[in-house]
Amino acid sequence: MEEKKYVNITKVYTKRGDKGETDLLGGSAARKDSLKVESYGCIDEASSFIGLARFHTKNKVMKDRLKGIQNKMLVLGGFLASDEKGKEMMKDQIKEDDIKLLEEYIDEYNQKLPPLTHFILPGDDGVAAYFHVARTVVRRAERRIVSLTAQEPGLNPLIQKYVNRLSDLMFVLARYSEEVENKKWRSSNLNI
């Protein structure tokens with residue numbers, strides 16, 4: 001199967017950014033402080049924290065799922081980083097099935113957790129803390145995307161829906177990591 005190519009970067013710096021603008025997929029430019037750039041920047045930042053959680057978790061299934069989510073975030077970020085011409089070039093889109101998959105993950109992990117009876121203070125587990133940071137960055141992305149939708153009415157509404165579910169998943173994975181995975185790992189290491 002041929003790999004899809006969206007970018008072909010031969011040189012990292014262009015110097016165009018020195019004036020506060022960046023290129024969009026499709027050829028036009030946007031100010032670096034625009035809602036559009038802020039939106040896809042938050043998605044990129046969230047993906048980086050999800051990558052940290054993926055690196056540190058010992059759960060192979062979770063690693064694979066997180067990698068799939070990061071790949072979907074590249075699609076989402078690419079769409080946000082596109083002008084009208086760039087949107088037409090995008091081969092992938094966010095679909096209802098992508099949202100459904102996140103909901104399935106949320107339900108699966110949530111079923112393994114006790115009821116939540118208190119507020120959570122992040123920091124008792126490293127992987128969970130990465131998920132909590134990812135959750136808050138995804139929520140920031142969602143706020144920016146809501147604002148961007150007012151400026152770009154043609155923005156795929158499934159993007160906002162996907163990001164909303166993604167933050168819910170990050171919350172559930174933070175709890176799961178701390179309350180299930182961390183306990184499993186600790187007990188297996190005590191039995192050495």
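Modeller: A cavity is a set of points on a 1 Å grid over the protein atoms alone where a 1.4 Å probe fits but cannot get out; lining residues have an atom within 4 Å of a point. Points are joined across faces, edges and corners, and the volume is the space filled by probe spheres set on them. The model is predicted, so local features need pLDDT of at least 70 and side-chain atom pairs pLDDT 80 or more, while totals for chains, interfaces and linings use all residues. Numbering starts from 1 along each chain as its sequence is written, and side-chain values use heavy atoms, without hydrogens or water.

The structure contains 1 cavity of 30 Å³ or more, and the largest cavity holds about 40 Å³ of space. Its lining is made up of Met-62, Arg-65, Leu-66, Ile-69, Tyr-105, Tyr-109, Leu-169 and Leu-173. At least two lining residues come from each of helix H2 (60-80), helix H4 (96-111) and helix H6 (157-190), helices being DSSP runs (H or I) of at least four residues. H2 provides the largest share of the lining, with 4 residues.

Leu-80, setting aside residues up to four places away in sequence, touches Lys-36, Ser-39, Tyr-40, Ile-43, Ile-145, Leu-148, Leu-155 and Ile-159, a contact being heavy atoms within 4.5 Å.

Lys-67 lies in H2 and is partly exposed, because its relative accessible area is 47% (buried is under 20%, exposed over 50%, partly exposed in between). The C-alpha atom of Lys-67 is 8.6 Å from that of Ile-50, the two residues being 17 residues apart along the chain. Lys-87, in contrast, counts as buried because its relative accessibility is 10%. Lys-87 belongs to helix H3 (residues 84-89). Beyond its neighbours within four places in sequence, Lys-87 is in contact with Phe-79, Ser-82, Gln-93, Glu-152 and Leu-155. Leu-155 is also among the residues that Leu-80 touches.

How values were computed:
On a 1 Å grid over the protein atoms alone, a cavity is a set of points where a 1.4 Å probe fits but cannot get out, and a pocket is an open set with protein on both sides within 12 Å along at least five of seven lines; lining residues have an atom within 4 Å of a point. Buried means under 20% relative accessible area, exposed over 50%, partly exposed in between (1.4 Å probe, protein chains only).
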